[in-house]
Amino acid sequence: MSAPLLTVDDLRVTFPTRTGEVQAVRGVSFTLGRERLGIVGESGSGKSQTGRAIMGLTPGHAKITASKLEFDGIDLLKATPKQRRDLRGKRIGMILQDPKYSLNPVMTIGKQIIETLLAHEKLSRSEARERALKMLEAVQIRDPERVFGLYPNEVSGGMGQRVMIAMMLICGPEMLIADEPTSALDVTVQLDVLSILDKLVAERGMGLVFISHDLRLVSSFCDRVIVMYAGRIVEELPSADLAQAKHPYTQGLLNCLPTIGTDRHPLPVLERKAEWSA
Ligand SMILES: Nc1ncnc2c1ncn2[C@@H]1O[C@H](COP(=O)(O)OP(=O)(O)OP(=O)(O)O)[C@@H](O)[C@H]1O
């Protein structure tokens, strides 16, 4: 078996606060190959902080430790800020929930994509423009020339998220971390964006970490699922085997999924046991 793209071993992220330490991530371990891995869990379970630690975007005051945090043989904990910057965008991309907060509001979409490309590759501006337009086409933006000249506030949420995907994928990263990439979109646009992401990931053979609170979405979109609870992984299993989940928290999540055609009143309340977060 080839070496994994990403190895995370005993990752811990701790925030000092006035009332003591908050342990956001408490010993998370997993590997990622060229596959789609879902991380699912409720709000506050540590999904985003896991993704941010991999990206090198943990807030400065937090403490981050791991036995191993390695991307393609590179020790991410020892990487210099410059090495981290070079990896971000070029070899590792990240898509966040809401494009409104990720795109620069005072720069046109085309200029932002070109700047990303030129930060990592030596190209003339006209070559970069050509590549940017092609990438906008690849994320199914029908009129790329027009969208190129627009500002982020002039496009819809769904289009903004496609622009983010274009910007993150233009340098051909080997790994993509998508943190709730479709939560801010309505359901039909969600499906469009997911199918674009799915196609690009498959075509380019990338490793994908897909973070979401939506168990159904994650299991239909990913090959493997990690379930997090209170900063820890409580279960890891292939999406196809989700029905055989053993951990009571995962079983609880599954039981809470409403199904069309069955009448259930009321929906079960998720059980939480103190020992799960011990
Ligand atoms: N800057 C911070 N200072 C203190 N605690 C923080 C900080 N950022 C995050 N946390 C804590 O870390 C824990 C994990 O947060 P994280 O954002 O990873 O959760 P999440 O599972 O991604 O939830 P959500 O789906 O709501 O984003 C939470 O308990 C949160 O309160």
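Predicted model: local features only at pLDDT ≥ 70, side-chain atom pairs only at ≥ 80, totals over all residues.
Colleague: Which residue in S10 is the bridge partner of leucine 37?

Modeller: In S10, leucine 37 has arginine 224 as its bridge partner. Residues are numbered from 1 along each chain as its sequence is written.

Colleague: How do you know that strand S3 and S10 pair, and in which sense?

Modeller: Strands are DSSP runs of E with at least two residues, helices are runs of H or I with at least four, and both are numbered from the N terminus. Two strands pair if DSSP finds at least two bridges between them; S3 (residues 36-40) and S10 have four bridges, in the parallel sense, so they count as paired. S10 also pairs with strand S11 (residues 232-238), here in the antiparallel sense and over six bridges, and arginine 224 stands opposite proline 238 in S11. S10 and S11 form a hairpin with two residues between them, and alanine 230 in the turn has a positive phi of about 50 degrees.

Colleague: Why is S10 called largely enclosed?

Modeller: A residue is buried if 20 or more other C-beta atoms, placed from the backbone, lie within 10 Å of its own, exposed if there are 12 or fewer, and partly exposed in between. Six of the six residues of S10 (residues 224-229) are buried, so the rest of the structure largely encloses the strand. Both faces are covered, with Arg224, Ile226 and Met228 buried on one side and Val225, Val227 and Tyr229 buried on the other.

Colleague: What makes serine 156 count as exposed?

Modeller: Serine 156, in the loop between helix H6 (144-148) and H7, has 12 C-beta neighbours inside 10 Å and therefore counts as exposed.

Colleague: Why is glycine 157 called partly exposed?

Modeller: Glycine 157, which is found in helix H7, has 16 other C-beta atoms within 10 Å, and therefore is classed as partly exposed. Glycine 157 touches Pro99, Ala184, Leu185 and Val189, not counting residues up to four places away in sequence; a contact here requires C-beta atoms, placed from the backbone, within 7 Å. The C-alpha atoms of glycine 157 and valine 189 are separated by 8.7 Å, although the two are 32 residues apart along the chain.

Colleague: How does the reach of helix H7 compare with the expected value?

Modeller: The expected span is 1.5 Å times one less than the number of residues, and H7 (residues 157-169), with 13 residues, reaches 18 Å from its first C-alpha to its last, close to the expected 18 Å. Eleven of its 13 residues are buried, so H7 is largely enclosed by the rest of the structure. Its buried residues pack against several elements, among them helix H4 (109-120), helix H5 (125-138) and strand S8 (175-179).

Methods
Contact = placed C-beta atoms within 7 Å.
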